[in-house]
Amino acid sequence: MIAVHEISKVYNDKNVVDHVSFEVKKGETLVLLGTSGSGKTTTLKMLNRLVPPTAGSIHIDGEDIMAEPPEKLRLRIGYVIQNIGLFPHYTVAENIATVPVLLNWEDNRISERIASLLQLMGLPQEMAERYPSELSGGQKQRVGLARALAADPPIVLLDEPFGALDPITRRQIQTEFKELETLLDKTMVLVTHDIFEAIELGDRICLMHEGKIQQIGTPLALIFEPANEFVWDYFKTQRFQLEMKVLTLKDLLPEIEPFDSGLGEKIIFNEETSFLDTMERLEANKNDAFQIAIFNEKRQNMHFTRKDKLWVAFNKVKEKLINKAN
Ligand SMILES: Nc1ncnc2c1ncn2[C@@H]1O[C@H](COP(=O)(O)OP(=O)(O)OP(=O)(O)O)[C@@H](O)[C@H]1O
Ligand SMILES: [Mg+2]
């Protein structure tokens, strides 16, 4: 859906984005991850022509984005700006209505859309008439997201959409965000420097440094098959937790020894749950006398096991991945 070919951006004789190429498939979420100043925002802004590339080309749905006026292009692309960027003199409702107004939607349709987006974002309806200065940081970020989604664009670009939040609220919103039905079929490019957020939300991650792509691939590939020294070092300090985060119960299943006493409390997990999230949930459950049931999306193939057997499986799978990479 999005094809970026060898784009560069030069500011003051410096390549702040340096021959970057990637593709984003329909319905996929690509995360641009990297240290401050690595060129993430600039790359994102080139996708909707807020910044003109110095070189290279970008195609959306097979069409060169330079072939149509930027205003028209942006109607199809939702954009969540870094540091929120709500219009301060517009109410929440007016902010959300920005693109629908440009599209000449009827008033009724616009107010219905505003109401349903507020609900979707977990914001009270009375907030519609408030101004951005009267909201908390987290509420503003939700409004920013609502504004980007207002006209239901097929593509959404998000620049640190949860940047202003404390770690707890941030995690909660990330989880809610991941489960939003409206986002399931959207093609998204999301910028962050939060490694766990990248793994949580990205189908693939593009790790950037000094304007260049260091590696692009699944979270699993970046952690277990780092392309170079930089990638390895980037994830070094949190490696153990990250290994737990990129492996899902599904990945562990082939190595999980079954255990079913038939008795006692069972805690049920979807096989897509990461090993880290599984362990955190089990930690939170004070009673240790439970069994674990793992099932797939269709509630088929129940597997029963125990916590200690999950650890054994994790270590086996991890060892295999490390051996494979060497
Ligand atoms: N308009 C501009 N003029 C000159 N230099 C710029 C301009 N915009 C960005 N830069 C420079 O380009 C580099 C990349 O900036 P960019 O905003 O893309 O980084 P980023 O990866 O988004 O960083 P952060 O995580 O801090 O948001 C930085 O060194 C920045 O100073
Ligand atoms: Mg940025």
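## Exercises on a predicted model

An open sheet with antiparallel pairing holds 4 strands in the order E2-E1-E4-E5. This is a predicted model, in which local features need pLDDT of at least 70, side-chain atom pairs count only at pLDDT 80 or more, and totals for chains, interfaces and linings use all residues. Residues are numbered from 1 along each chain as its sequence is written, chains are lettered from A and ligands numbered from 1 in the order in which they are written, and side-chain values use heavy atoms, with hydrogens and water left out.

**Exercise 1.** Is strand E7 (residues 155-159) enclosed or open, and which strands pair with E7?

*Solution.* First, the cut-offs: buried means under 20% relative accessible area, exposed over 50%, and partly exposed in between (1.4 Å probe, protein chains only). In E7, 5 of the 5 residues are buried, so the strand is largely enclosed by the rest of the structure.

Then look at the neighbours. Strand E6 (residues 77-80) pairs with E7 in the parallel sense over 4 bridges, and valine 80 has leucine 158 as its bridge partner in E7. Strand E8 (residues 187-192) and E7 also pair in the parallel sense, over 5 bridges; here aspartate 159 is partnered by valine 191. Finally, trace the chain from E7 through helix H7 (residues 167-179) to E8: this β-α-β crossover is right-handed (with the strands pointing away from the viewer, the path from the first strand over the helix to the second runs clockwise).

**Exercise 2.** Describe the largest pocket: what is its volume, and which residues lie closest to its centre?

*Solution.* A pocket is found on a 1 Å grid over the protein atoms alone, as an open set of points where a 1.4 Å probe fits, with protein on both sides within 12 Å along at least five of seven lines; lining residues have an atom within 4 Å of a point. The largest pocket holds about 1200 Å³ of space. Its lining has 34 residues, and those closest to the centre are Lys178, Ile199, Glu200, Glu272 and Thr273. H7 gives the largest share of this lining, 6 residues.

**Exercise 3.** Where does asparagine 12 lie, and is asparagine 12 buried or exposed? Treat aspartate 152 likewise.

*Solution.* As background, most residues other than glycine have a negative phi. Asparagine 12, although not a glycine, has a positive phi of about 45°. Asparagine 12 sits in the loop between strand E1 (2-11) and E2, and is exposed with a relative accessible area of 78%. Aspartate 152 also has a positive phi, near 55°. Its loop runs between H6 and E7, and at 43% relative accessibility aspartate 152 counts as partly exposed.

Note on methods. Helices (H or I, at least four residues) and strands (E, at least two) are DSSP runs, numbered from the N terminus. Two strands pair if DSSP finds at least two bridges between them. Grid points are joined across faces, edges and corners, and a volume is the space filled by probe spheres set on the points.
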